Amino acid sequence: MHIPDGFINAPVSAAAGVVAVAGIAVALRRSSRELDDRTAPMAGLVAVYIFAVQMLNFPVGAGTSGHLLGGALAAILVGPWTGALAISVVLIIQALMFADGGLSALGLNIVNVAFVTVAVAWPLFRLLVRMLPRSRVAWMGASFVAALVSVPVSAAAFALEYAIGGNGTFSPGTVLAAMVGTHVVIGLGEGLITALTVGAVLAARPDLVLGVRDLLPKPELRTAPPVADGTRAPQSTTEGSPA
Amino acid sequence: MSTVRRSAWAVIGIGLVVSLLLAGGLSYYASSHPDGLEKVAEDVGFLDTAEDSATADSPLSDYAAAGVDDARLSVGIAGLVGVAITAAVAFGLFLWLGRRHRAEPAEVVPDPATTP
């Protein structure tokens with residue numbers, strides 16, 4: 001899914017670069033609401049994990065492979081703004097060090113892979129988890145659907161960019177149909193990886209999944225046994241506070 | 001509080017180990033078929049408009065460590081180095097951002113108590 005240099009002409013690539021820089025600037029500010037002392041280290045892990053899993057191309061038939069994009073996973077685990085930043089970090093490292101995705105196409109890739117996926121997956125995931133029962137299985141199902149849908153939409157974003165500034169004379173409809181058709185299948189893999197990963201974190205520490213943190217049962221106040229002189233009371237308050 | 005922090009870091013530690021295993025080991029078994037975009041470009045006919053990246057000569061280009069002949073070792077090294085660099089950049093960025101945001105809460109949410 002990483003666009004190489006040359007597919008899209010310079011003006012559209014440059015425009016996407018401007019959009020990407022603006023998006024990152026907004027995300028750097030908005031991430032403040034998401035980055036508490038649990039989300040910040042999780043965001044580091046999310047970037048590392050997505051880098052690793054993006055190396056694992058899986059076959060989708062017809063001599064084609066796909067790999068995780070990660071926008072849904074990142075948004076569900078650490079929030080949409082922080083998630084988009086985490087994917088952007090991965091894309092920048094891939095372009096600079098691994099020649100994966102062109103340098104002039106970096107803005108296009110950040111727009112498509114970091115921002116479009118998150119913009120699709122996050123609202124969809126939140127809509128689903130508000131409607132569904134509050135259970136791990138339901139949240140994994142919502143993760144699957146949000147991730148699945150995000151991939152063909154991201155592929156459609158490429159088709160739109162190609163329609164505006166593609167270095168070729170192919171019909172936009174042909175490119176759109178081919179991109180969406182292929183990426184619906186890849187989206188199944190995206191959904192599976194996302195659901196399994198979110199499920200694993202939910203099993204270990206549900207409060208580390210920012211996308212459902214407000215839906216978790218309120219933590220019980222861990223009051224210290226009422227022993228003697230009451231000096232333990234202030235201490236127990238500190239321990240019980242969400243941190 | 002310290003127990004809560006420790007187990008969160010345990011989850012992160014496990015995640016990092018899994019990432020190292022995936023990038024350093026399992027990556028060798030990844031499908032080498034063209035990915036979705038590349039296949040579409042080939043089928044529709046615009047694959048030949050692709051140009052080499054300016055970083056195509058870098059030592060880890062295409063997830064292969066330059067000068068390492070063994071394919072398994074080559075991709076494994078590239079994956080491990082990539083994980084290490086991503087970890088350094090991402091943990092550095094997000095821990096710094098988190099601290100900075102907490103240090104300037106007024107910029108984030110204006111406190112009604114201090115703004116009459």
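How many residues does the contact take from chain B and from chain A? The contact takes 63 residues from chain B and 70 residues from chain A, where contact means heavy atoms within 4.5 Å.

## Basis of the model

This is a predicted model, in which local features need pLDDT of at least 70 and side-chain atom pairs count only at pLDDT 80 or more, while totals for chains, interfaces and linings use all residues. Residues are numbered from 1 along each chain as its sequence is written, chains are lettered from A and ligands numbered from 1 in the order in which they are written, and side-chain values use heavy atoms, with hydrogens and water left out.

## The interface

Between them, chain B and chain A bury about 5400 Å², 73% of it on carbon and sulfur atoms. Buried area is the accessible area (1.4 Å probe) that two parts lose on being put together, summed over both. B:Leu37, B:Tyr63 and B:Phe94 supply 14% of the area that chain B buries against chain A, more than any other three residues.

A salt bridge is a side-chain nitrogen of Lys or Arg within 4 Å of a carboxyl oxygen of Asp or Glu. On the side of chain B that touches chain A, the largest share, 18 residues, comes from helix 3 of chain B; helices here are DSSP runs (H or I, at least four residues), strands are runs of E (at least two), and both are numbered from the N terminus.

B:Lys39 is in helix 2 of chain B. At 16% relative accessibility B:Lys39 counts as buried, since buried means under 20% relative accessible area, exposed over 50% and partly exposed in between (1.4 Å probe, protein chains only). Among the residues that B:Lys39 touches are A:Ala62, A:Gly63 and A:Thr64.

A:Ala62 lies in the turn of a hairpin formed by strand 1 and strand 2 of chain A, and has a positive phi of about 55 degrees. These two strands run antiparallel and are joined by three bridges; strands pair if DSSP finds at least two bridges between them.

## Salt bridges within chain A

Over all chains, the whole structure holds five salt bridges. One of them joins the side chains of A:Asp36 and A:Arg213 (2.7 Å, N to O). Both residues lie in loops of chain A, so the pair ties together parts that are 177 residues apart in sequence.

A:Arg126 and A:Asp214 also meet in a salt bridge (2.8 Å, N to O). A:Arg126 is buried, at 10%, whereas A:Asp214 is partly exposed, at 44%.

Note on methods. Lists of a residue's contacts leave out its neighbours within four places in sequence.
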